[in-house]
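Here is a short briefing to read alongside the model. Have a look at the fold below, and then let's go through it together.

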Amino acid sequence: MTHHSSLVTHHLSHRYADGRVALDDISFAIEANECVAIVGPNGAGKTTLFLRLCGVLAGKPGQATISGLDPAVPEHRKKLPEVVGVVFQNPDDQLFSPTVAEDVAFGPLNMGATPDEAKARVTEALQAVGMADAGERVPFQLSGGEKRRAALAGVLAMRPSVLLLDEPSMFLDPRGRRELITVIRALPGTKLIATHDLDLVLDLCPRVLVLDAGKLAADGPTEKYLADVQLMWRHGLEVPFRLRK
Amino acid sequence: MTLAFRHRSVPNSPLARWDARWKLAGAMLAVGGVAALDHLAPAAVALALGLSLLVLSRLPGAWVRSRLFLFALASLPFLLVLPFTLEGDGWDIGPVKISERGLIAGGAVFCRGLAIGCFALLLVGTAPLHHTLAAAHKLKVPGLLVQLTLLAYRYAFLLADEMRRLRVAMRTRGFQLRATRHGYRALGHATGAILVRGAERADHVAAAMRCRGFDGTFHTLARFRTRATDIISFAALVAATAALVLWDRLGLS
């Protein structure tokens, strides 16, 4: 953990109301502008970690900070949407407005931007994801890849310094996946990507965190850990084809 | 069952260009006025007014007809029942007596129902729904109500899609809807699955909204600008409605 750290967790734990432990004593630090992947089997706690980091799930103060803000502190939580952007697993959960432009403007307007400022941010964000002409389209009628990029635009319009991406390549065809990888690579800021797509991890993230049953099982260079057959096998994963000997 | 939810483009017309706030206020007053009409003649004129506005709106004929048919269907029972149930002078056809008063009252209800349908289609068809709802917010409709309506509209598409997928999944496993115990059970399970998925989705959407700073306040990009023609159109519609109500109340029909 250094003074450059953008995202820090310190003995982070989370237990659901039914007693299930979703996160158990997780500590790591991510430097500003670093791109890190979180991999692990289903139910490892990846989505719970994201929900804790963005303040949707309540927790104890002092267990996590993002750009100096603690998601468990109510005063900090109000400022959090300007600092951290979350792209959820299913874009249909995120695209809730009647048009793409209204959806992308949702965050900036909530943050107090004027309609003119919000429109400028919509244009900028849609351009960043290659959907400059899609503002008046209806989210329901977008393709899977377009929905994913529109959801990403909605988060980018808030200009967060930290991006949390939950299964960004899920349900995408190869072309949509390639386009998304290009878009994510070009994005500035700190990125934390939870995914089962290990090839995407190899393409984008020099560092990987392996999460299993709520515990941090490994944290280090992607190529080293993803090539470790025993580690991958132990945690319900497989060595990606590119790294197989 | 086929649920065809599709976003439709709005045809260019004087009614589409009418500021949504003035249009909404005018149409709501017109609906209130028409609902208060008792006599057949003013109700028939109100229907003629509604139909004329629909023609002016240049909405696709098939779209208008299919929806007006539903309004007609809802109003039809009054036209069919009242002539046989209200007392008064009339005509005897065999053992059946048709009351003139009932026929006129039924006709008035039928015309009123269709006229209200015309104004409703006008609102829905001549501006995107989110624009009309943003206008409603400007007219002091609570933001939370507007937001909830928008979410319901947005997720109706998704729900329809999920129902379609569920129906296909059931049919691929040989399910055919029959009035049997098994049929009702399967239908109950499918409905339950849709409700559970809906509740889960509501949680996810709420999380996504909170992550983007939602605090219950409704915001929109929609902007409105009042021109002289907007006010004149509003005044004309309100004056026409007031004239119909006066005609109805003064008993000139």
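Of the 253 residues in chain B, 32% are buried, meaning that 20 or more other C-beta atoms, placed from the backbone, lie within 10 Å of a residue's own. This is a predicted model, in which local features need pLDDT of at least 70 and side-chain atom pairs count only at pLDDT 80 or more, while totals for chains, interfaces and linings use all residues. Residues are numbered from 1 along each chain as its sequence is written, with chains lettered from A and ligands numbered from 1 in the order in which they are written.

**Chain B: elements and shape**
- Chain B has nine helices and two strands, counted as DSSP runs (H or I of at least four residues for helices, E of at least two for strands) numbered from the N terminus.
- Its radius of gyration, taken over C-alpha atoms, is 23 Å, well over the 18 Å from the globule rule for 253 residues, so chain B is more spread out than a compact globule; the rule is 2.2 Å times the number of residues to the power 0.38.
- The C-alpha trace of chain B spans about 60 × 55 × 30 Å along its principal axes.

**Chain B: domains**
- Domain 1 (19-127 + 225-249) and domain 2 (138-211) divide chain B, with bounds from an automatic or database domain assignment.
- Between the C-alpha centres of these two domains of chain B lie 33 Å.

**Chain A: the sheet**
- Six strands form an open sheet with mixed pairing, in the order β5-β6-β7-β3-β8-β9 (chain A); strands pair if DSSP finds at least two bridges between them.
- β5(A) pairs with β6(A) (residues 162-166) in the parallel sense over four bridges, and Val87(A) stands opposite Leu165(A) in β6(A).

How values were computed:
A residue is buried if 20 or more other C-beta atoms lie within 10 Å of its own, exposed if 12 or fewer, and partly exposed in between; C-beta atoms are placed from the backbone.
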